[in-house]
Amino acid sequence: MKKILVSCGTGIATSTAVRAKLIDCLKAKGYGPDKVEVGQCRVADLPTFAPSYDLIVSTCALPSTVKTPYILGLCFLTGVGVDKVVDQIIEKIKD
């Protein structure tokens with residue numbers, strides 16, 4: 001099971017929207033809840049939570065102390081380039 005952490009400034013509205021869209025996109029590509037767990041948090045909590053995850057999808061800049069690989073997830077809000085970013089996410093989490 002791979003783990004993806006979605007983060008935004010407050011960990012509420014934006015990360016909730018991105019998480020929902022990401023889950024739908026991953027499921028459509030065969031990466032359902034049996035293969036991928038998707039959590040969410042506020043960016044300030046990343047130093048604490050990130051080490052337990054395989055990948056971060058964030059809508060804002062990450063603290064420099066976070067070493068977990070990440071992908072910028074603004075496309076999930078704008079709708080522009082979603083397929084490309086989902087493919088990049090799958091590339092990073094596939095075995």
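Biologist: Let's start with Thr59: is Thr59 buried or exposed?

Modeller: Happy to, and keep in mind that this is a predicted model. The relative accessible area of Thr59 is 14%, and the cut-off for burial is under 20%. Thr59 therefore counts as buried.

Biologist: Where does Thr59 sit, and which residues is Thr59 in contact with beyond its neighbours within four places in sequence?

Modeller: Thr59 belongs to the loop between strand 3 and strand 4, the latter spanning 70-72. Once neighbours within four places in sequence are set aside, its contacts are Ser7, Cys8, Thr14, Val18, Leu72, Gly73, Leu74 and Leu77.

Biologist: Now for Ser15. Is Ser15 buried or exposed?

Modeller: Ser15 is part of helix 1, which covers residues 13-28. Its relative accessibility is 0%, so Ser15 counts as buried.

Biologist: Which side chain does the side chain of Ser15 join in a polar contact?

Modeller: Leaving out residues up to four places away in sequence, Ser15 touches Val6, Ser7, Cys8, Gln40 and Cys41. A polar contact needs N or O atoms within 3.5 Å. At 3.2 Å, the side chain of Ser15 makes such a contact with that of Gln40.

Biologist: Ala13 is found in helix 1 too. Is Ala13 buried or exposed?

Modeller: The relative accessible area of Ala13 is 55%, and exposed means over 50%. Ala13 is therefore exposed.

Biologist: How far apart in space are Ala13 and Ile71, C-alpha to C-alpha?

Modeller: Along the sequence, 58 residues separate Ala13 from Ile71. In space, their C-alpha to C-alpha distance is 19 Å.

Biologist: Which backbone oxygen does the side chain of Lys35 reach?

Modeller: Lys35 lies in the loop between helix 1 and strand 2, with strand 2 at 36-42. Apart from residues up to four places away in sequence, Lys35 touches Met1, Lys2 and Gly30. At a distance of 3.3 Å, its side chain reaches the backbone oxygen of Gly30.

Biologist: What is the C-alpha separation of Lys35 and Leu62?

Modeller: Lys35 itself is partly exposed, its relative accessible area being 41%. Leu62 is 27 residues away from Lys35 along the chain. Their C-alpha atoms are separated by 25 Å.

Biologist: And Ser52: how far is Ser52 from Ile93 in space?

Modeller: Ser52 is in the loop between helix 2 (46-49) and strand 3 (55-58). With a relative accessible area of 47%, Ser52 is partly exposed. Ile93 is 41 residues from Ser52 in sequence, and the C-alpha to C-alpha distance is 14 Å.

Biologist: Let's step back to the whole chain. In what order do the elements run from the N terminus on?

Modeller: The protein chain has four helices and four strands. From the N terminus on, their order is β-α-β-α-β-β-α-α.

Biologist: What is the radius of gyration of the protein chain?

Modeller: The C-alpha atoms fill a box of roughly 30 × 30 × 20 Å along the principal axes. A compact globule of 95 residues would have a radius of gyration near 12 Å. The protein chain agrees with that, because its value is 12 Å.

Biologist: What share of contacts with a separation of 6 or more comes from residues 24 or more positions apart?

Modeller: As background, 40% of the 95 residues count as buried. Among contacts with a separation of 6 or more, the share from residues 24 or more positions apart is 57%.

Biologist: Finally, how far apart are the mean positions of the positive and negative charges?

Modeller: The protein chain carries 12 positive and 9 negative charges.

Note on methods
Residues numbered from 1 in each chain as written. Predicted model: local features only at pLDDT ≥ 70, side-chain atom pairs only at ≥ 80, totals over all residues. Heavy atoms only, no water. Helix = DSSP H or I, 4+ residues; strand = E, 2+ residues; numbered from the N terminus. Buried < 20%, exposed > 50% of the residue type's maximum accessible area, 1.4 Å probe, protein only. Polar contact = N/O pair within 3.5 Å; in protein donor to acceptor, adjacent residues only side chain to side chain. Contact = heavy atoms within 4.5 Å. Rg over C-alpha atoms; globule rule 2.2 N^0.38 Å. Lys, Arg positive; Asp, Glu negative; His and termini not counted. Charge placed at Lys NZ, Arg CZ, Asp CG, Glu CD.
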